[in-house]
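Thanks for coming, everyone. Let me put the model up.

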Amino acid sequence: MCTGSDSGLGSDSKSDPDSNGWSRARGAVLKSLVLVGGALLLRRLTKSTTRWDHARIVAESLNGEKFSKEQAVRDPDNYFNFRWLSCPAADMVDGSKVLYFEQAFWRTPHKPFRQRFFMVKPCAKELKCDVEVSTYAIRDAEEYKNFCDRPRDQRPQPEEVIGDIAEHLTTIHLKRCERGKRCLYEGSTPADGFPNSWNGATYCTSELAVLKNNEIHAWDRGFDDDGNQVWGVKGGPYEFKPAPSSSFNDVLNPLSFASQPLGKRIEGSFVLQE
């Protein structure tokens, strides 16, 4: 139907094949670019997180300075304002991350009463978990006090750290949290826990949750042979939240710990079991 009007174009009609060919070629190139770009974008969006990615995320979340201040203000009869401090200490040959960890009262941050090494790595493939977090005693804990606060050249070096990893204490297996939950990872020790003899206990259990913004929830408890809890808080985990760097220096912001004798409260605190 259109051939009649096309014939009236005269000599211009000779350029149509070249013009149409260029248009088709340009369209093909653009289509290819769109397809390639879409494939790359889809690959990036659907790329699965590796086992080591999960371990890295957990290790980074455990790192840093955190406080249980909000919880201590909310429930001073049962919770202290503790300072959690952790930082990288060494890398094992298999890629596991070793972190130094210490805990102290917020008023005396440079006098830690609990010191540990964390070892973070992916769970073995046969286990139904994503990340394994183990705690170890330190061979000479006194040498490591305030490790994270010191300049790097004044700390024990990685090869020394590896040599100072002592007794294995606990292992927690973490899994990714289900969609809709506040946490990113959560897990616990086995139900029968690990040996512990503090304050009449025969075993202890630990629960750990990694939340967004590097918040950590930790709940350690000790039990006797009859399954009675003999140390550790009963109301739920300690909630450690990152705080502004000046917060632990704010000595003008005291917390009220009245109503229950300090000694009794210390006995109930999960961090003083050793």
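**Disulfides and a buried lysine**

C87 and C148 are both buried. Keep in mind that this is a predicted model.

These two cysteines are bonded to each other, with an S to S distance of 2.1 Å. The torsion about that S-S bond is about -90 degrees, so the disulfide is left-handed. Now, what does the pair tie together? C87 sits in strand β2, residues 82-91. C148 sits in the loop between β5 (131-138) and α5 (158-163). So the link ties together parts that are 61 residues apart in sequence.

How many disulfides are there by this rule? The count is three. Let's take the other pairs.

Next is C123 with C129. Their S to S distance is 2.0 Å. This link is left-handed as well, with -120 degrees about the S-S bond. Are these cysteines buried or exposed? C123 has 2% relative accessibility, so it counts as buried. C129 has 14%, and because the cut-off for buried is under 20%, C129 counts as buried too.

Then C177 and C183. Their sulfur atoms are 2.0 Å apart, and they form a disulfide. The torsion here is about -120 degrees, so this disulfide is left-handed. C177 is buried, and C183 is buried too.

What is the pairing pattern, with the bonded cysteines numbered in sequence order? It reads 1-4, 2-3, 5-6.

One more cysteine for the list: C204. At 7% relative accessibility, C204 counts as buried.

Now the lysine. K66 lies in strand β1, which covers residues 64-67. K66 is buried, yet it has no salt bridge. Where is the nearest side chain of opposite charge? That is E215, and it is 9.3 Å away.

What lies by the polar end of K66, then? The backbone oxygen of S61 is 2.9 Å from a polar atom of the K66 side chain.

And the wider surroundings? Setting aside neighbours within four places in sequence, K66 is in contact with S61, F82, R83 and W84, with N214 and I216, and with F240, K241 and P242.

To recap: three disulfides by this rule, paired 1-4, 2-3, 5-6. And one buried lysine, K66, without a salt bridge. I'll stop there and take questions.

Terms used. Residues numbered from 1 in each chain as written. Predicted model: local features only at pLDDT ≥ 70, side-chain atom pairs only at ≥ 80, totals over all residues. Heavy atoms only, no water. Helix = DSSP H or I, 4+ residues; strand = E, 2+ residues; numbered from the N terminus. Buried < 20%, exposed > 50% of the residue type's maximum accessible area, 1.4 Å probe, protein only. Lys, Arg positive; Asp, Glu negative; His and termini not counted. Salt bridge = Lys/Arg side-chain N within 4 Å of Asp/Glu carboxyl O. Polar contact = N/O pair within 3.5 Å; in protein donor to acceptor, adjacent residues only side chain to side chain. Contact = heavy atoms within 4.5 Å. Disulfide = S-S within 2.5 Å.
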